Amino acid sequence: MRRMTWVSAGAALVLLGAGGCGSDSPAVCDGFDQVQNSINQVKNTNVSENGLTQLKTNLQALQTNLQRLKVDAKTQFTTQLSSVQAAADQLKASVDSAKTTPSAATLGNVRTAVAGLGTSLQQLGDSMSGTC
């Protein structure tokens, strides 16, 4: 049985799963783990040290891993994957806006978008719990 732990970051960013799905599990489980790792990188980006450029780089890795997960999932979890994709797109737009016009408001929008991404990932993880 896969051990699940919940880690919260910010207001609602939740990362699921402490361990991998194992070698017998479907490819979708490995893909989900990669998406989780990418979101962890996004969450742990130190904007004050590395700037928004590093956050944008981490978002690109997330997008790549999300696309792989979609391929692995085929038609499974379509609704939840669409929600994660929309949240990732919203975060990218918020980062682009903050990069163009840095202010407390635009950086606040980034934090809100990170929280939304966490919520979407949690819903996807809940849906996949019987598979992984």
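Q: How far apart are the end C-alpha atoms of α2, and what would a straight helix reach?
A: In this predicted model, the ends of α2 are only 32 Å apart. A straight helix would reach 39 Å at 1.5 Å a residue. α2 has 27 residues.

Q: Where is the kink in α2 centred?
A: On Thr-53. The kink is about 60 degrees.

Q: Which residues of α2 are buried?
A: Leu-52, Leu-55, Asn-58, Leu-59, Leu-62, Gln-63, Asn-65, Leu-66, Leu-69 and Ala-73.

Q: And what covers them?
A: The cover over the buried residues of α2 includes α1, α3 and α4.

Q: What follows α2?
A: Lys-74. Its phi is positive, near 55 degrees, and Lys-74 is a residue other than glycine. Lys-74 sits in the loop between α2 and α3.

Q: Is Lys-74 buried or exposed?
A: Exposed, because its relative accessibility is 67% and the cut-off for exposed is over 50%.

Q: What about Phe-77, what is its phi?
A: Near 60 degrees, again a positive value in a residue other than glycine. Phe-77 also belongs to the loop between α2 and α3.

Q: Buried or exposed, that Phe-77?
A: Buried, because its relative accessible area is 13% and buried means under 20%.

Q: Switching to the core. Which residues touch the most other members of the largest nonpolar core?
A: Leu-91, Leu-117 and Leu-124. That core has 29 residues.

Q: Which helices each supply at least two residues of this core?
A: α1 (27–44), α2 (47–73), α3 and α4 (104–128).

Q: Take Leu-124. What does it touch, leaving out residues up to four places away in sequence?
A: Phe-32, Leu-69, Phe-77, Gln-80, Leu-81 and Val-84. Leu-69 is one of the buried residues of α2.

Q: Now charges. How many salt bridges are there?
A: Two. Lys-56 pairs with Asp-96, with the closest N and O atoms 2.9 Å apart. Asp-96 also pairs with Lys-92, and there the closest N and O atoms are 3.0 Å apart.

Q: Which helices hold Lys-56 and Asp-96?
A: Lys-56 lies in α2 and Asp-96 in α3, so the pair ties together parts 40 residues apart in sequence.

Q: And how are Asp-96 and Lys-92 separated in helix α3?
A: By about one helical turn, because they are four residues apart in α3.

Q: Which residues are linked in the network of salt bridges?
A: Lys-56, Lys-92 and Asp-96.

Q: How accessible are those three? Start with Lys-56.
A: Lys-56 is partly exposed, at 25% relative accessibility. Asp-96 is partly exposed too, with a relative accessible area of 23%. Lys-92 comes in at 36% and counts as partly exposed.

Q: Other loop. Where is Pro-102 found?
A: In the loop between α3 and α4. Pro-102 counts as exposed, at 60% relative accessibility.

Q: How far is the Pro-102 C-alpha from that of Leu-52?
A: The two C-alpha atoms are separated by 9.7 Å. Along the chain, Pro-102 and Leu-52 are 50 residues apart. Leu-52 is one of the buried residues of α2.

Q: Zooming out, what pattern does the chain follow?
A: Read along the sequence, β-β-α-α-α-α. That is four helices and two strands.

Q: What share of the residues count as buried?
A: 40% of the 132 residues.

Q: And what share of the contacts with a separation of 6 or more comes from residues 24 or more positions apart?
A: 60%.

Q: What does the protein chain average in pLDDT?
A: It averages 82, and 82% of the residues score at least 70.

Q: Which elements have the lowest and highest mean pLDDT?
A: Strand β1 (residues 6–9) has the lowest, at 30. Helix α3 (residues 78–100) has the highest, at 94.

Q: Where is the pLDDT below 50?
A: Over residues 1–22. In the model, this stretch has 60 contacts beyond near neighbours in sequence. Where pLDDT is low, the predicted coordinates should not be read in detail.

Methods:
Residues numbered from 1 in each chain as written. Predicted model: local features only at pLDDT ≥ 70, side-chain atom pairs only at ≥ 80, totals over all residues. Heavy atoms only, no water. pLDDT = per-residue confidence, 0-100. Contact = heavy atoms within 4.5 Å. Core = buried A, V, L, I, M, F, W, Y, C linked by side-chain atoms within 4.5 Å. Buried < 20%, exposed > 50% of the residue type's maximum accessible area, 1.4 Å probe, protein only. Expected span 1.5 Å × (residues − 1). Bend = angle between axes of the 7 residues up to and from the residue. Salt bridge = Lys/Arg side-chain N within 4 Å of Asp/Glu carboxyl O.
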